[in-house]
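Please take a look at the chain shown here.

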Amino acid sequence: MKTIDIDLCSIQEARDLAKKGKEAADKVAHFSDEQIDAILQNIVKVVQANAYHLAEMAVEETGFGKVADKAYKNHAASHLLYEEIKHQKTSGIIEFDEKNKLFNVAEPMGLILGITPSTNPTSTIIFKAMIAIKARNAIVFAPHPAAKRCSIAATELVRKAAIEAGAPEHLVACVMNPSLESSNTLMHAKEVSMIIATGG
């Protein structure tokens with residue numbers, strides 16, 4: 001009988017996700033404003049249709065919070081966030097100081113690692129994915145093990161919605177077997193340019 005080392009499997013999974021995520025990041029870095037906006041709009045549409053279901057999953061799995069509150073957070077992390085950021089410029093020259101002859105240029109970071117909590121797993125994934133994509137980045141999630149099922153479900157919804165709207169296949173991804181080892185592997189992966197951590 002074969003023995004499967006779960007920790008080793010999670011480390012290899014993290015390495016594979018980092019490699020594929022970087023490839024997706026390199027592709028999305030060249031997307032137009034219109035392409036990015038189409039992806040975000042489709043994510044919002046899909047999340048709105050599933051906000052309550054994701055909230056139910058999160059409460060059932062983690063035991064934290066109320067379904068109605070979590071459903072609203074999913075709405076806020078998608079629709080309300082989109083309304084707030086949709087006109088923000090995230091590429092090229094975004095600011096010019098005529099007096100001092102200085103200008104700020106926005107560039108994608110590349111692959112972002114999103115570390116998410118058990119307290120607000122689905123809304124955090126939605127929020128981080130939205131801001132990462134808006135700035136033309138790919139994102140891979142290392143979810144809290146106590147929120148594994150709902151985190152994977154939220155990521156899959158966002159991932160499929162993004163792909164449906166023309167995004168690269170691995171623009172949004174999630175570790176399926178979260179562990180300290182997989183999170184540590186991603187935190188030290190050369191492909192990861194930035195870490196956005198939520199929780200304790």
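This is a predicted model. Start with the lining of the largest pocket. Eight of its residues are nonpolar, nine are polar and none is charged. The space in this pocket is about 250 Å³. Its lining counts 17 residues, and Ile115, Thr116, His144, Pro145 and Ser183 are the closest to the centre. Helix H6 (residues 180–187) gives the largest share of that lining, three residues.

Now the second largest pocket. Its space is about 190 Å³. Of its 14 lining residues, Leu17, His170, Ala173, Cys174 and Met176 lie nearest the centre. Helix H1 (6–28), helix H5 (148–164) and strand S5 (172–174) each give two or more residues to this lining. Six lining residues are nonpolar, two are polar and six are charged.

| Largest pocket | about 250 Å³ | 17 residues |

Next, the fold. The chain has six helices and six strands. Along the sequence they follow the pattern α-α-α-β-β-β-α-β-α-β-α-β. Among contacts with a separation of 6 or more, 79% join residues 24 or more positions apart.

Last, the surface. Of the 200 residues, 46% count as buried. The accessible surface is about 10500 Å², and 56% of that belongs to carbon and sulfur atoms.

Note on methods: Residues are numbered from 1 along each chain as its sequence is written. This is a predicted model: local features need pLDDT of at least 70, side-chain atom pairs count only at pLDDT 80 or more; totals for chains, interfaces and linings use all residues. Side-chain values use heavy atoms; hydrogens and water are left out. On a 1 Å grid over the protein atoms alone, a cavity is a set of points where a 1.4 Å probe fits but cannot get out, and a pocket is an open set with protein on both sides within 12 Å along at least five of seven lines; lining residues have an atom within 4 Å of a point. Grid points are joined across faces, edges and corners, and a volume is the space filled by probe spheres set on the points. Helices (H or I, at least four residues) and strands (E, at least two) are DSSP runs, numbered from the N terminus. Ala, Val, Leu, Ile, Met, Phe, Trp, Tyr, Cys and Pro count as nonpolar, Asp, Glu, Lys and Arg as charged, and the others, Gly among them, as polar. Buried means under 20% relative accessible area, exposed over 50%, partly exposed in between (1.4 Å probe, protein chains only). Contact means heavy atoms within 4.5 Å. Accessible areas come from the Shrake-Rupley method with a 1.4 Å probe; for residues, only the protein chains shown count as cover.
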